[in-house]
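Biologist: I would like to learn how to read a model of this kind. Please take the features one at a time, with the general idea before the case.

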Amino acid sequence: MSVFGDNRAERPGAEQVTLVEGSSFCVGDRTGDLGRSRAQGLFVRDLRLLSRWELTVDGAALLPLSVQCDVPFAATFLAQPAHAPDGGPLPLVVRRRYVGDGMREDIVIRNDTHRTVTCRLELAVGVDRADLFAVKSGAMDHAADTVRVTDPAELRSVGDDPATSVTVRSTTPGATADGFAWNVVVPPRGRWSTALTVELVLAGRPLGLQHAPGQALEYSVPSRELDAWRAAMPRLHTPDRRLAALLRRSVEDIGALRMRDPEHPDRVVVAAGAPWFMALFGRDALLTAWMALPVDARLALGTLQTLAERQGRADDPVTEEQPGRILHEARLGRGATVFGGAGAYYGSVDATALFVLLAGEVRRWRGPEGATDELLPAVDRALGWLRSHTDRGDGFVTYARSSPHGLVNQGWKDSWDGISFADGTLAEPPIALAEVQGYTYAAYRARARWAEQDGEVALAAAWDDRATRLRDAFDARFWLPEHRRYAVALDGAGRAVDALASNIGHCLWCGIVPDEHAAPTAAALVSPDLFSGWGVRTLATSMGAYDPLSYHNGSVWPHDTALAVAGLMRYGFVDEARRIASGLLDAATRLTRLPELFAGFARSTFHEPVPVPAACSPQAWASAAPLLLLRSLLELEPDGPDGPTARATAVPTEWLPLSLRGVPLRGHWLDVTVDADRAVVVLPTGRPA
């Protein structure tokens, strides 16, 4: 959730089409029109450029035929008029749209008959330059722009900020006070076409349009960057087509959600998700990068470097910035001024530990020479924040917001009602979350390993001792012997918040669970209470706050389920891990892509996964979840006693034979092959990555 808006506000549904490229995205209907619902429009850097973009033929709206989308930032919309122009034949309307720091749209009227088509084509254009969160909440903070005709083929917005403007151009003159209008005559078997561009001047600086008029899609900057991203990806060969297709989709979506750090264009980070979270979110970016390590460690390194530069330096109760703390969210648009002009909000209790955890993991994949040593000062500042943020003296990391505008809950389940007791009563802060103690434990272990590799024996022992003491305290305080499970949290009074929730899967993933309590934890994850058949519910069905269509109280989040699978594999619960992974893969084949979340209804109740209209799609850590499933079931690790290792005991039979070639590891490529008899070969190729 963003601190700048309620996650329950209106969002695009399944019948709408979202195109994404970096910090630009476009949400419209299946005809290509924008503006038929509040959430639609063209957005660039958290500003809505177009609030209306509606095409009519002889005054009638179009009827959708098909949408073709081969890349995340471009689509072809096929439509027809609701009735034939002048009683003649129905033409085909083709709209090819390309998004990236603005938009280009090519409109073609095709007449494939033997009769002439005559019609009036009108494009209504609206510009409001509204902030993303004003759109989301419906509380528009300023009036729509006046759009003026500045040339027979050009419109320009006039609004409250003269340094920011939107210009719409057409290759065919026809500008009007409302948009564009053309009297079209298409001969038999003929074509009529025009190309439009939507360009933004932001703070007096023109943004370069990523798709120039007349330029073939494959030559645009986004296409070249996506092709380079694809080319650098490991190559998977498997007879299971659903797995291959799902992983291709994962790579495409993560590629589309990547953003350049404006201050360091050579660095790439990932936006959390479209449409509302096209920004840098600490937790989301860190977990996504962790899951994507076997395909691209550069994303993780760029994420760490970018977050380190924005690491907390001062105490600010409004933004909740504190020395060493890793930010929750950084935005570029007007919404970033909610906190007195600040561009970032720090109200996340888990991003700081995840920062340390990812830095340690990057060192495993890239080696000490992989530009991670430069991050050590930021890692130690983050650890300092963790150690100072145990407000109750019990060693547990807690949260309580310091601003009435901040998030009430500051773990990954950050909706206002995300943490509750079994009877549905809300937990009161300061709250110590179970999974945050797990992340902190893993962060301490990562720092100990780092020190050990650097020959700092005493320092390594000190961090290992801290980790051991935290694990023992966690087990003593969070374990509920009467229920045979861990509490989801401790509340402000130190009481165990006794709800059964998916957070326990994260505890397995981090390794904080002692062996004697791993089996009941695994059993809880695959119980009908938590496992829906499609994935692990965020909250068990027997809990008082359970709601299968809620944001965090019974829905299924793919990344949450994937982390549970990784945790089960860590403790050797192969059958349980494979069962949950199979359910999530089955859900993925029935959905266009894995969304941010879907409903927690049992598979036995509805034989298809039920979407939640409010879910972001594509969404970064949901897109990365299949990558983590593959790594987990392959048990792929970069640094076993004799080098990188993999095993095939958990790999589903339908995946075999399987090969994964070109995994980046310490500057070289790694090939992993598993034959039909589950014999595994892990072969460093020696080729430089």
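Modeller: Confidence comes before geometry, as this is a predicted model. Where pLDDT is low, the predicted coordinates should not be read in detail. Here the mean pLDDT is 91, and 94% of the residues reach 70 or more.

Biologist: Which stretches have a pLDDT below 50?

Modeller: Residues 3-14 are one such stretch, with 46 contacts in the model beyond near neighbours in sequence. Residues 333-341 also fall below 50, and that stretch has 25 contacts of this kind.

Biologist: Next, the strands. How many bridges join strand S7 to S8, and how do the two run?

Modeller: Start with a general point: in a regular strand the side chains alternate between the two faces of the sheet. In this case, S7 (residues 92-99) and S8 run antiparallel and are joined by eight bridges. Arg97 has Glu105 in S8 as its bridge partner. The hairpin of S7 and S8 has three residues between the strands, and Asp101 there takes a positive phi near 50°.

Biologist: Which other strand do eight bridges join to S8?

Modeller: That is strand S14 (residues 191-202), again antiparallel to S8. Ile107 stands opposite Thr194 of S14.

Biologist: Why is S8 described as largely enclosed by the rest of the structure?

Modeller: Burial is judged from relative accessible area, and a residue under 20% counts as buried. Seven of the eight residues of S8 (residues 103-110) are buried, so the rest of the structure largely encloses this strand.

Biologist: What is the order of the strands in the open sheet of three?

Modeller: The order is S22-S25-S26, with antiparallel pairing. S22 (432-433) and S26 (496-497) are the edge strands, since each pairs on one side only. Two bridges join S22 to S25 (residues 489-490), and Leu433 has Ala489 in S25 as its bridge partner.

Biologist: Now a single residue. Where does Gln80 lie, and what does it touch beyond four places away in sequence?

Modeller: Gln80 is in strand S6 (residues 74-81). Its relative accessible area is 24%, so Gln80 is partly exposed. With residues up to four places away left out, Gln80 touches Leu62, Leu63, Leu65, Leu90 and Pro91. For a separation, take Gln80 and Val556: they are 476 residues apart in sequence and 38 Å apart in space, C-alpha to C-alpha.

Biologist: How many aromatic pairs does a search of the whole structure find?

Modeller: The search finds 17. One of them is Tyr444 with Trp463: the ring centres are 5.3 Å apart and the planes are at 45°, so this pair is tilted. The pair links distant parts of the chain, with Tyr444 in helix H8 (residues 434-453) and Trp463 in helix H9 (residues 457-478), 19 residues apart.

Biologist: Are Tyr444 and Trp463 buried or exposed?

Modeller: Tyr444 has a relative accessible area of 7% and is buried. Trp463, at 8%, is buried as well. Elsewhere, one aromatic cluster is formed by Phe396, Phe474, Phe478, Trp479 and Tyr486.

Biologist: Which charged end sits over the ring of Trp463?

Modeller: For a charge over a ring, look at the distance to the ring centre and the angle to the ring normal. The charged end of Arg466 sits over the Trp463 ring, 4.3 Å from its centre. Another case is Arg603, which lies over the face of Trp534 at 4.0 Å from the ring centre.

Notes
Residues numbered from 1 in each chain as written. Predicted model: local features only at pLDDT ≥ 70, side-chain atom pairs only at ≥ 80, totals over all residues. Heavy atoms only, no water. Buried < 20%, exposed > 50% of the residue type's maximum accessible area, 1.4 Å probe, protein only. Helix = DSSP H or I, 4+ residues; strand = E, 2+ residues; numbered from the N terminus. Pairing = 2+ DSSP bridges. Contact = heavy atoms within 4.5 Å. Phe/Tyr/Trp six-rings, centres within 6.5 Å; stacked < 30°, edge-to-face > 60°. Lys NZ or Arg CZ within 6 Å of the ring centre and 35° of its normal. pLDDT = per-residue confidence, 0-100.
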